Amino acid sequence: MKDKFMPKWIAWEVTRKCNLKCIHCRSSSDMDESEEGEFTIEESKKLIDDIVDYCSPVLVLSGGEPLLRKDLFEIATYGTEKGLRMCIATNGTLVNDEVCEKMKASGIKMVSLSLDGSTKEIHDDFRNMDGAFEGTLRAAEYFNKHGIKFIVNSSFTKRNQDDVENLYKLSKKIGATAWYMFLIVPTGRGEDIMDELVSKEDYEKILNWHYDMEKEETEMMVRPTCAPQYYRIAMQRAKADKDGWKRRALSFGTGGGKGCICAQSIMLIDHLGNVQPCSYFPMQAGNVRTESFKDIWENTDLFNNLRDFKKYKGKCGVCEYLNVCGGCRARSDAVNHDYLAEEPFCDYVPLKMRKQQEENK
């Protein structure tokens, strides 16, 4: 088990405070969030030591808005000194020359920048803040000026799903190293927009568009995220097209060969030390303040259940693409209230089920 499943990418929510109030925020963050319970700098270093004693993942300092932490770059510097690849996930509105200089000095390897609309109207509506769009584009300019590589993360619901292609083009235009297309999981404030989730039929269309785009894209790395069905679609399309095209491997982060990888190679540590299978899966496996990182990763029932594909139910349990897709476990938990249930936004009917349907006619 240890050899097969190891943490390659850890998101650490260093604060829940945030200067925005986005419609889909998984942690429902805002400026009213208390700083009580956040890791002190001593606790932060101890956690990094605990992680390094077991593995050497990419460590993403997240939030909330991590740039609101005054000791953020002290944490980043310590992680760099311990040999970790340190990253920051930001909404971009607080980035300036001084922030960029501190990022470089602390050894930050990559920054992820949130951009959810190709226009001010779309993005600012998504982020619930006038001026957020200009702030994000300004951050990209600062990153380019200082030679800091950045990824653009774009989240989609029905309110901006028609902007997918425009956002891809804008991300490339502003100099992103990669563009990650997120099809959101309705957790946190996302629960309030459950009726805005992209339909399973449109999901399929968007992911097929992404496949066609990815085949032509040679400069910027692109990846659908929280969309494990893409790995089934990629296999289907590759077989049907018979053109020998192979997807580029990710050079940074988790790899790119499987759909849902929560508790398999990724995880989240929240601002109180609670460990979750991924950023969008608000179920706790343990707490790093009272248990060792290694013990939580290797021995908790939640994590081990997610790694046992034989326990998956419904369509996912009998699907021939289970090992490459797996369905979004966090979305199953949010919609079905059962993290082992079938992916609720998958439009595919497995071969085994189709055969059974034919036999029952």
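Q: Where is Ala263 found, and why is Ala263 called buried or exposed?
A: Ala263 is found in the loop between helix 8 and strand 8. This is a predicted model. The relative accessible area of Ala263 is 0%. Buried means under 20%, so Ala263 is buried.

Q: What is the phi of Ala263?
A: Ala263 has a positive phi of about 65 degrees, although Ala263 is not a glycine.

Q: Which loop holds Asn128, and what is the phi of Asn128?
A: Asn128 sits in the loop between helix 4 (120–127) and helix 5 (132–146). Phi is near 55 degrees, a positive value in a residue other than glycine.

Q: What is the omega of the peptide bond from Gly63 to Gly64, and where does Gly64 lie?
A: Omega is near 20 degrees, and the bond is cis. Gly64 belongs to the loop between strand 2 and helix 2 (72–81).

Q: Why does Val335, at 29% relative accessibility, get its label?
A: Buried needs under 20% and exposed needs over 50%. At 29%, Val335 therefore counts as partly exposed. Val335 lies in helix 12. Not counting residues up to four places away in sequence, Val335 touches Pro186, Met194, Pro344 and Phe345.

Q: How far apart are Val335 and Asp301, in sequence and in space?
A: They are 34 residues apart in sequence. Their C-alpha atoms are 21 Å apart.

Q: What makes Lys352, at 47% relative accessibility, fall in its class?
A: Exposed starts over 50%, and buried is under 20%. A value of 47% lies in between, so Lys352 counts as partly exposed. Lys352 is found in helix 13 (residues 351–359).

Q: How do you know that the span of helix 7 agrees with its number of residues?
A: Helix 7 (residues 200–216) has 17 residues. At 1.5 Å a residue, helix 7 should span 24 Å. Its end C-alpha atoms are 25 Å apart, which agrees.

Q: Which residues of helix 7 are buried, and what do the buried residues pack against?
A: The buried ones are Tyr203, Glu204, Ile206, Leu207, His210, Tyr211, Met213 and Glu214. The buried residues of helix 7 pack against helix 6 (164–173), strand 6 (178–183), strand 7 (221–225), helix 8 (229–241) and helix 12 (329–336).

Q: What is the order of the 10 strands in the open sheet, and which are the edge strands?
A: The order is 7-6-5-4-3-2-1-8-9-10, with mixed pairing. Strand 7 and strand 10 (286–287) are the edge strands, since each pairs on one side only.

Q: How do you know that strand 9 and strand 10 pair?
A: Pairing needs at least two bridges. Strand 9 (residues 274–276) and strand 10 have 2 bridges, so they pair, in the antiparallel sense. Val275 has Gly286 of strand 10 as its bridge partner.

Q: Which strands does helix 1 touch on the sheet?
A: Helix 1 (residues 41–52) touches strand 1 (9–13), strand 2 (58–62) and strand 8 (266–269). The direction of helix 1 makes about 165 degrees with that of strand 1.

Q: What makes strand 4 mostly covered?
A: Of the 5 residues in strand 4 (residues 110–114), 5 are buried. Met110, Ser112 and Ser114 point one way, and Val111 and Leu113 the other way.

Q: How do you know that strand 4 pairs with strand 3 and with strand 5?
A: Two bridges are enough. Strand 3 (residues 85–90) and strand 4 have 4 bridges, so they pair, in the parallel sense. Ile88 has Val111 as its bridge partner in strand 4. The chain crosses from strand 3 through helix 3 (residues 97–105) to strand 4, a right-handed β-α-β crossover. Strand 5 (residues 150–156) also runs parallel to strand 4, joined by 4 bridges. Here Ser112 stands opposite Ile151.

Q: Which residues touch the most other members of the largest nonpolar core?
A: They are Trp12, Met103, Phe143, Trp179 and Ile269, in a core of 106 residues. Strand 6 gives the most to this core, with 6 residues. In soluble globular proteins, nonpolar side chains tend to be buried together.

Conventions
Residues are numbered from 1 along each chain as its sequence is written. This is a predicted model: local features need pLDDT of at least 70, side-chain atom pairs count only at pLDDT 80 or more; totals for chains, interfaces and linings use all residues. Side-chain values use heavy atoms; hydrogens and water are left out. The expected span of a helix is 1.5 Å times one less than its number of residues. Buried means under 20% relative accessible area, exposed over 50%, partly exposed in between (1.4 Å probe, protein chains only). Contact means heavy atoms within 4.5 Å. Axes are lines fitted to C-alpha atoms, for helices over the stretch in contact, and angles run from 0 to 180 degrees between N-to-C directions. A crossover is right-handed if, with the strands pointing away from the viewer, the path from the first strand over the helix to the second runs clockwise. A nonpolar core is a set of buried Ala, Val, Leu, Ile, Met, Phe, Trp, Tyr and Cys residues joined through side-chain atoms within 4.5 Å.
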